[in-house]
Amino acid sequence: MGSTRLEKFKKTFIGDRAFYTAVVTLMLPIVIQNAITHFINLLDNIMIGQVGNSEMSGVSIANQLLFVFNLAVFGGLSGAGVFCAQFFGAKDHDNLRYTLRFKLWTIAIIFAVAITIFLTCGDRLIMLYLTGEGEEAERTAMFMFAKQYLAIMLWGLLPFCVSQAYGSTLRETGETVLPMRAGIVGILTNLCLNYLLIYGKLGFPRLGVEGAAIATVISRFVEMAIITIYAHKHSARFPFFKGLYKSFKIPKALTLRIFKKGSPLLLNELFWSFGITTITQIFSTRGLMVVGALNITSTVTNFFNVFMYSMGAAVAVMIGQALGANEIERAKETVWKLIFLNICICGAVSCVLAATSPFIPYLYKTTDQVRELASSFMRTHALYMIFNAISNSSYFTMRSGGKMLLTVLFDSVYTWVIFVPFTYVLTRFTALGITALYTVCYLTDILKAANGLIVVKSGVWAQNMVSKQNVVVETPQMQAE
């Protein structure tokens, strides 16, 4: 009996050599790129932290606002990305090209809206994070540094959008090396310029927070140039880039299909990111010191989460391509192996995070109180990392099958109906200290993970959206573009 259960467990959750080879081949470039990205972000954060606590907190506040924009771009591209993966699985490069055009239109609209909001409401948005207890001089300094940083970072929004549109499309078609290389060059550019411009080395001016923003903007133009030039120069390898700008037209039927599937994902990412920034704002009402601690925590935990994020990408690509090839049963079998692998990896990573959490905050030039809070917050994230891994894999599973309404319910609706109210009530109406409050609020991650497993097991997500009856038929005019 025991051996039968073991065999069943192995069959369900353990893959063969070919499976792990495919996962590693897909994941490794993404892991490398994400690891370097977040490690450099960590170094950037430490560099700013060495300048002063007010500078670090000001940059953190500006990045909270930019986080919403970044997630809006991700959400806007995600719906089209589902079609990219499935069209590639179906070897339909013409419709894949149209889908990429849809992405370009999407980021143009998001960019225009974001610039308008930041230019007209930026100051008021920054002040939302400066309502907690603390000295007025420190509050004023945080506001000034956040405003300076955000004003320069706006110049980098457009190249970021273009890089994401190209990079996401390449990853959805299984090409992960080119985005990785472009990202690495951009990251190293950012790191070197940060050192020169923040501290004023080698004859460069000492610009502090403004130097950090300038370095980031330049690095984003570098990354965009590499990925776009290479992709178009090798159009034989990537045929969906050929003739991309010959016309900006997209077949109406395909546009409506992508919009119908994609708009819920855009709204989901927007509302989810609003939810996360709202939770940060709620915690910040417990004092300005919490802002600094949350900044340290988010930067460090993002670095430790690179495997989880990369597994999400692997789920999206592997499941999406299997569904596009109409191999529904293979997709269902593969998803459980990917989820289990994600759990194992994140379990190990969480142990490392917990063990190092008492020491990492000492890399920052800040107060002991901020360091202690950051260390406590990191331990909380380590505690819940396995549950986050399950939720992340479940989210990308639902998304890969085009179950957008279900994805919205699972992610942003859950955040606003459960997470945000729960956090607000505990923060506003209880006397819990910030350490205990933070740990209790994130108990909701366990419930979300359980719901994710229920949905994955049901199999309702497994559908082919690019079968022959759904493929857009090209007219002679379309073919002539």
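This is a predicted model: local features need pLDDT of at least 70, side-chain atom pairs count only at pLDDT 80 or more; totals for chains, interfaces and linings use all residues.
The crossing of α10 past α13 is right-handed. On the α10 side, the residues that take part are Met289, Val290, Gly292, Ala293, Leu294, Ile296, Thr297, Val300, Thr301 and Phe304. Their partners in α13 are Gln369, Val370, Leu373, Ala374, Phe377, Met378, His381 and Met385. Sorted by class, this contact between α10 and α13 holds 13 nonpolar and five polar residues, with no charged residues.

Charged residues come into view with the salt bridges. Side chains of opposite charge can pair when their charged atoms come close. In this model, the count of salt bridges comes to six, and three of them are described here, one after another.

One of the salt bridges joins arginine 237 to glutamate 175, with 2.4 Å between the closest N and O atoms. This pair ties together distant parts of the chain, 62 residues apart. Arginine 237 lies in the loop between α8 (209-233) and α9 (252-284), whereas glutamate 175 lies in the loop between α6 (157-172) and α7 (177-199).

Another salt bridge links aspartate 411 with lysine 448, and here the closest N and O atoms are 2.7 Å apart. Once again the pair links distant parts of the chain: aspartate 411 belongs to helix α14 (residues 404-429) and lysine 448 to helix α16 (residues 444-458), 37 residues apart. Aspartate 411 counts as buried because its relative accessibility is 7%, below the 20% limit. Lysine 448 also falls under 20%, at 12% relative accessibility, so this residue counts as buried too.

The remaining example lies within helix α12 (residues 328-356). There, glutamate 329 forms a salt bridge with lysine 332, the closest N and O atoms being 4.0 Å apart. Glutamate 329 and lysine 332 are three residues apart in the helix, so about one helical turn separates them. Lysine 332 is partly exposed, its relative accessible area being 29%.

Terms used: Residues are numbered from 1 along each chain as its sequence is written. Side-chain values use heavy atoms; hydrogens and water are left out. A crossing is left-handed if the near helix is turned anticlockwise from the far one by less than a right angle, and right-handed if clockwise. Helices (H or I, at least four residues) and strands (E, at least two) are DSSP runs, numbered from the N terminus. Contact means heavy atoms within 4.5 Å. Ala, Val, Leu, Ile, Met, Phe, Trp, Tyr, Cys and Pro count as nonpolar, Asp, Glu, Lys and Arg as charged, and the others, Gly among them, as polar. A salt bridge is a side-chain nitrogen of Lys or Arg within 4 Å of a carboxyl oxygen of Asp or Glu. Buried means under 20% relative accessible area, exposed over 50%, partly exposed in between (1.4 Å probe, protein chains only).
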